[in-house]
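I opened this model today and took notes as I went.

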Amino acid sequence: MGQFPLNLSRFIIQNQAAHPGATGEFSSLLTQIGLVGKLIAQDLRRAGLINILGTTGATNVQGETVKKLDEIANDTFLKVFQRSGLVSALASEEMERPVILPENWPHGKYMLLFDPLDGSSNTDCNMPLGAIFSVLRYEKADRLPTEDVMIRKGVEQVAAGYLLYGSSTMLVYTAGSGVHGFTLEPGIGEYLLSHEQIKIPARGKVYAANEGNYHKWTPGMKKYFDYVKGSDKATGRPYSARYSGCLVADVHRILLGGGIYLYPGEVDKPEGKLRLLYEANPLALVVERAGGKASTGTTRILDVEAKTLHQRVPLIIGSPADVESAEAHLQGRA
């Protein structure tokens, strides 16, 4: 009889034992993120039955229409962490300003930034969805955290990861010792270790991008897309297009099988669309820890200087050889 897989709690405890100074707060934080995933997954399974599809009629700080499930997912993160004692501040793509939690300070040593429901345009058609999270440390006992201390480079993250809601619910994270994936077993309500020490292939055979924006891209970016669709057996081209409209789902596919995801800047919008702190930084940390690369096209994502809470950035992420090839085309070196 095969060995029963580790659940999330046991895996965290075993990894915590490798750090003698660990006090357990970080392990509890990851467990709470798992709880958020369970709660949101439950709502998603019933979404078409309980009138939570569609929009709220409001727009968020990004100027985007808010889906009902966006609001529900954001509230779920807030409710789970507000009285957890684990974080002193929360910031979300859906909120203009962070939520400071004096009731958790100074004991809450962390700050959590998150995109509560990635790919929310998929909510009404039963397509994949996700959530993305980034964890920063905050240990100042003399004053509450403020917005400016949450605006940091990606290299300062202590952990990051995502939840994926698809044919199964998954939690994937990195906290300094590789990238690990857990699949929710709904029958027992536990996340079980399904992907230990994920390693991204050096090169892939798929690309993910919204090609409806092709006419908006720079000549270098257009040249790269023409390149991946060209025929050449020696380099495995043409690549296959795989784009779901959910960043988490597309990056997850590439993390496991190799390839490249691109949401580049445009001629009239060079800053791109995706958010640095809520999307690019956490996914870059995950992919880099798995052996991949993440770039703006000219700069490593984790080295980008963060200036505002809702800063946008171009994102090219995936297998190292594929990202390097895209950079070369974008920079006129190919």
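**Entry 1: a loop residue**

I looked up E93 and found it in the loop between β3 (87–92) and β4 (99–100). I noted that the model is a predicted one. Is E93 buried or exposed? I read a relative accessible area of 4% for E93. Buried means under 20%, so E93 counts as buried. Next I checked the side chain of E93, and it makes a polar contact with the side chain of R275 at 2.9 Å.

**Entry 2: the sheet**

I then traced an open sheet of 5 strands. Its order is β12-β11-β13-β17-β15, and the pairing is mixed. Which strands stand at the edges? I found β12 (240–241) and β15 (293–295) there. Each has a single partner strand, so one side of each lacks a neighbour in the sheet. I looked at one pair inside this order: β13 (residues 260–263) and β17 (residues 315–318) run antiparallel, joined by 4 bridges. For L262, I found the bridge partner I316 in β17.

**Entry 3: helices on the sheet**

I saw helix α4 (residues 219–228) packing on the sheet, where it touches β11 (206–208) and β13. The direction of α4 makes about 150° with that of β13. Helix α5 packs on the sheet too, touching β11, β13 and β17. For α5 I also read about 150° to the direction of β13.

**Entry 4: helix α5**

Why is α5 (residues 247–257) largely enclosed by the rest of the structure? I found that 8 of its 11 residues are buried, so that explains it. Among them are L247, V251 and L255. After α5 comes G258, with a positive phi near 90°.

Key: Residues are numbered from 1 along each chain as its sequence is written. This is a predicted model: local features need pLDDT of at least 70, side-chain atom pairs count only at pLDDT 80 or more; totals for chains, interfaces and linings use all residues. Side-chain values use heavy atoms; hydrogens and water are left out. Buried means under 20% relative accessible area, exposed over 50%, partly exposed in between (1.4 Å probe, protein chains only). Helices (H or I, at least four residues) and strands (E, at least two) are DSSP runs, numbered from the N terminus. Two strands pair if DSSP finds at least two bridges between them. Contact means heavy atoms within 4.5 Å. Axes are lines fitted to C-alpha atoms, for helices over the stretch in contact, and angles run from 0 to 180 degrees between N-to-C directions. A polar contact is a pair of N or O atoms within 3.5 Å; within protein, one must be able to donate a hydrogen and the other to accept it, and residues adjacent in sequence count only if both atoms are side-chain atoms.
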